[in-house]
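Q: I have a structure open and would like to learn how to read it. Can we take the sheets, then the helices, then the aromatic rings?

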Amino acid sequence: MPLRQLRSGTRTAAAAAAGLMLMAVTACGDDGDSSSGTGGRETVTVAALPLVDCAALYIARDRGLFEKEGLDVRIQQIQQSLQALPALAKGQIDMVASANYVTYLQAHEKGTLDIRIVAEAIRAAPRMMDVLVPEDSDIKTVADLAGKKLAVNVLNNVQSLTFDEILQKQGVGRPDYRAIPFPQMGAALDKGQVDAVHAVEPYDSAIQDELKARVLVDGASAPVEAIPLSGYISTGNYTDGHGKTLAAFQRAIKAAVEIAEKDPSVVRDTLPTYTKVTKKQAESIDLPVFPPVMDATQLTRLTDLMEKQGMLKKPIDPATLLVK
C-alpha cells in the first residue's frame with residue numbers, strides 16, 4: 001500500500017478526534033436505558049481506530065449483529081486511543097474500541113478515569129507488529145539497536161513495554177525511543193529521521209511493501225507472545241447504569257469474533273471498508289488473535305509487566321475491571 005495513502009487518513013482521523021471532544025451524545029437512564037437510536041434501538045457511541053484491532057466491531061455492525069441485539073452502535077474514528085480519553089471521561093462517548101490497555105490502565109491508576117473492560121479486542125500474534133529497518137541498514141541484529149533511534153507510536157506505552165521485555169530476555173541494550181504516529185513512520189524511516197520503526201498492521205506491511213524494509217525482529221515474539229494489547233474500554237459510571245446494553249454489546253462482539261475465527265477472510269474483506277488497506281493487501285496482512293471471551297489471567301500478564309517496568313506504581317487486578 002502506498003504510504004501516502006495511509007498518511008492521507010491522518011488529517012481526517014485528527015478531525016474526527018477533535019469532533020469527539022465536542023460531541024454531546026451522552027447515554028443516560030437506568031440499567032439498559034441508553035439514548036434512543038434508529039428504530040428505537042439503544043444508542044452506543046464508540047470511538048475506534050482504523051486498525052485491525054477493530055475488525056470485530058465492524059463485522060458486528062455490517063452483519064447486523066448489533067441491530068439483532070437491539071443496539072444502534074455509532075462509530076467515530078480517531079487516530080490514537082489516547083485522544084478519546086477526555087471524551088470518555090466526560091461521558092461524550094460510551095466506549096473506546098481498540099483502546100491501548102497501557103494508556104487506560106495508567107489513567108485508572110492516576111484516578112483520571114475509572115475504567116471498565118467490556119471486551120478484549122486483540123492479543124499479540126506472530127508478525128502482526130515488527131521492528132523494521134531499511135533494506136541496506138547496518139543494523140543486523142537486535143543488539144545493534146542499542147542507542148539507535150526507534151520510532152514508536154506513543155512513548156512509554158505498549159510498544160516499548162513489550163519490546164523492552166524482548167530485549168531484556170536477549171540481554172541487549174535498549175534503543176532511543178522516538179514518538180512518531182504510525183501513519184508517519186514510513187516517511188521518517190525513508191528520510192533517515194529514525195534508524196528503525198516499531199510498526200503494527202496495516203502499517204507494518206505497507207512499509208515493507210513500499211520501502212522494501214527488512215524485518216529485524218517480531219515484536220510479538222517471546223516472552224510477550226499472545227499478550228493482550230487492546231480492548232473495548234468504558235467507565236464505571238457508564239457500565240453501572242447500562243448492564244443490559246453492555247451485555248447485548250458483548251454478545252454481538254463475541255458473535256463477530258466467532259465468525260472471524262471460523263473464516264478469517266471475513267476480516268480481510270472488512271479491513272478495506274474502514275482502513276486504507278486495499279483488498280489485495282488485506283489478503284496478506286498478518287492478523288492478531290481476536291479473543292472470544294475476556295481472560296483476567298492473560299490481562300494480568302500485562303499489568304504485571306507494567307508494574308515490573310515501572311509503568312504502574314501499584315498492582316491492578318484486571319478481574320476487578322471486567323464487565324460481566
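A: Start with pairing: two strands pair if DSSP finds at least two bridges between them. Keep in mind that this is a predicted model. In this model, R116 stands opposite S234 in β10. β4 and β10 run antiparallel and share seven bridges.

Q: In what order do the strands of the sheet with β4 and β10 lie?
A: In general, strands of a sheet pair through backbone hydrogen bonds, either parallel or antiparallel. Here the order is β2-β1-β3-β10-β4. The sheet is open, has five strands and shows mixed pairing. β2 (71-77) and β4 (115-123) are the edge strands, and each pairs on one side only. Ignoring direction, neighbouring strands are turned by 25° against each other on average.

Q: Which strands of this sheet does α2 touch?
A: Helix α2 packs on the sheet and touches β1 (42-48), β2, β3 and β10. The direction of α2 makes about 135° with that of β2.

Q: How many bridges join β5 and β9?
A: Strand β5 (residues 129-133) and β9 pair over four bridges, in the antiparallel sense. L132 stands opposite V215 in β9.

Q: Now helix against helix. At what angle do α2 and α11 pack?
A: Two packed helices are described by the angle between their axes and the distance between the axes. For α2 (residues 55-62) and α11 (residues 265-274), the angle is about 90° and the axes are 9 Å apart. The two helices are therefore roughly perpendicular to each other. On α2, the contact is made by A55, Y58, I59 and D62. On α11, V266, V267, T270, T273 and Y274 take part. The contact residues divide into six nonpolar, two polar and one charged.

Q: Last, the rings. How many aromatic pairs does the structure hold?
A: A pair of aromatic rings is described by the distance of the centres and the angle of the planes. This structure holds four aromatic pairs. One of them is F66 with F249: centres 5.2 Å apart and planes at 20°, so the pair is stacked. F66 sits in helix α3 (residues 65-68) and F249 in helix α10 (residues 243-262), 183 residues apart. F66 is buried at 3% relative accessibility, and F249 is buried at 1%.

Q: What is the geometry of the Y232 and F249 rings?
A: Their centres are 5.8 Å apart and their planes are at 65°, so the pair is edge-to-face. Y232 is in strand β10 (residues 228-235), 17 residues from F249. Y232 counts as buried at 1% relative accessibility. F66, Y232 and F249 form one aromatic cluster.

Technical notes. Residues numbered from 1 in each chain as written. Predicted model: local features only at pLDDT ≥ 70, side-chain atom pairs only at ≥ 80, totals over all residues. Heavy atoms only, no water. Axes fitted to C-alpha atoms, helices over the stretch in contact; angles between N-to-C directions. Parallel < 35°, antiparallel > 145°, perpendicular 65-115°, else oblique. Contact = heavy atoms within 4.5 Å. Nonpolar A, V, L, I, M, F, W, Y, C, P; charged D, E, K, R; others polar. Phe/Tyr/Trp six-rings, centres within 6.5 Å; stacked < 30°, edge-to-face > 60°. Buried < 20%, exposed > 50% of the residue type's maximum accessible area, 1.4 Å probe, protein only.
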